[in-house]
Amino acid sequence: LAQLCPTDSILLVSASPIVKTATNIVKVCRVMESFDVEERLLTYLEKQHHNVRVLQDVLVSLDADSRVATLRSRRTVSYKSICLCLGGRPQLLAEGNPLVLGVRDTETVQALQEKLKGARRVAVVGNGGIATELVHEIQGCQVLWAVRQDSIGATFFDPGAAQFFMPQLYSTRDAAAAPSRRASEIEGETPSKGVPGSALGPDWASGRVMLGAGAQKKTVHVEYGCEVDELLTPEQFRQRSLTETPFPQQQQGNAGVEVNMDWPLYVLLTNGTLFGCDFVVSATGVTPNADSIDVPQLRLGPDGGIAVDEHMRSS
């Protein structure tokens, strides 16, 4: 925006001190550019663009008639045009359950990495980009992947292409030498606690160690056409006298993890199968954050996001 409107004054309000920025921009042809996406501190934008000011704050309400935005700090900002990029929050299978993780930003990825270190089996629920990349990246443990479609990656490719990519899921690779770090850590600044970071961008898993307990080789089992029916504690599992579904061994020479061992969590799927796991990664999409601000004039869509026309203009 700063490049497209070099004579306009632009104010960026962000709840996080970290933003995704486009760097190394190269014009390939008249209508195409190549660029890298990196995490940088807010102040980086001010240094790079003379017409940009940044403010770490949170939008609370908006009066579209008078064109005035009110921030959490009680500061008001007048504007000519406003671009709302409110993002979303993960749709968790169970809110408040420490064994159900959502993956949204760098902090949640780091929490996942820590949780993986002691994991023998992980259940991944969802079939979007995050779930697909995560199943591919995890090493050193068993992975149960539950998808409600009849093929993996249905959002991005057809069943034939999905079958072509299946062998990649079972491949065992050496872990990366070291996990990547946030720009704030590199530059000596710590983000505020409780403030969500920017959403994951391209190559979010590059350079990150996604390594389980490592007692066995990576094994992936996909359950198609199903969703999570219920998450059970070990006590609920025993009280109902349920039987765990054996985890298929898809990699030759992999002794795997024993069946009938105690698990911290059990996942009952709608197709009747029941698997134990150390924790669940809920990658079933996001809920728009449009409900986080008070804008009486703003019309919302069926999914709770801001309704826009073909030109991305709101009501």
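Which residue forms a salt bridge with E230? I started my notebook with this one, keeping in mind that the model is predicted.

**Entry 1: the E230 pair**

I looked up the partner and found R240, whose closest N and O atoms to those of E230 are 2.7 Å apart. I then checked where the two residues sit. R240 is in the loop between α6 and β14, while E230 belongs to strand β13 (residues 228–232), so this pair ties together parts that are ten residues apart in sequence. R240 has 41% relative accessibility and counts as partly exposed. E230 is partly exposed too, with a relative accessible area of 25%.

**Entry 2: other salt bridges**

How many salt bridges does a search of the whole structure find? I noted nine. One of them joins the side chains of R120 and D278, at 2.8 Å from N to O. I wanted to know which parts of the chain this bridge connects. R120 lies in the loop between α2 (106–116) and β10 (121–125), and D278 lies in the loop between β15 (274–277) and β16 (279–282), so the bridge ties together parts that are 158 residues apart in sequence.

Is D278 buried or exposed? I found a relative accessible area of 10% for D278, and it counts as buried because the cut-off for that is under 20%. R120 has 22%, which makes it partly exposed.

I also wrote down a salt bridge between the side chains of R313 and D309, at 3.0 Å from N to O. D309 is partly exposed, and its relative accessible area is 27%.

What is the phi of N24? I read a positive value of about 50°, although N24 is not a glycine. I made a note of it because most residues other than glycine have a negative phi. With 52% relative accessibility, N24 counts as exposed, since the cut-off is over 50%.

I25 is partly exposed, at 37% relative accessible area. Which residues form a nonpolar patch on the surface with I25? I found F35 and V37, and the three together have about 250 Å² of accessible area.

I went on to S34, which I placed in strand β3 (residues 32–41). S34 is partly exposed, with 33% relative accessibility. I also looked up how far S34 is from A22: they are twelve residues apart along the chain, and their C-alpha atoms are separated by 9.5 Å.

S241 is another residue other than glycine with a positive phi, near 55°. I found S241 in the loop between α6 (234–239) and β14 (265–269). Is S241 buried or exposed? I noted that S241 is exposed, with a relative accessible area of 62%.

L269 lies in strand β14 and is buried, with a relative accessible area of 1%. How far is L269 from V228 in space? I got 4.5 Å from C-alpha to C-alpha, for two residues that are 41 apart in sequence.

For L144, I first found its strand, β11 (residues 142–146). L144 is buried, at 2% relative accessibility.

Terms used
Residues numbered from 1 in each chain as written. Predicted model: local features only at pLDDT ≥ 70, side-chain atom pairs only at ≥ 80, totals over all residues. Heavy atoms only, no water. Patch = residues over 30% accessible without salt bridge, like charges linked within 9 Å, V, L, I, M, F, W, Y side chains within 5 Å. Areas by Shrake-Rupley, 256 points an atom, 1.4 Å probe, with all protein chains shown as cover. Salt bridge = Lys/Arg side-chain N within 4 Å of Asp/Glu carboxyl O. Buried < 20%, exposed > 50% of the residue type's maximum accessible area, 1.4 Å probe, protein only. Helix = DSSP H or I, 4+ residues; strand = E, 2+ residues; numbered from the N terminus.
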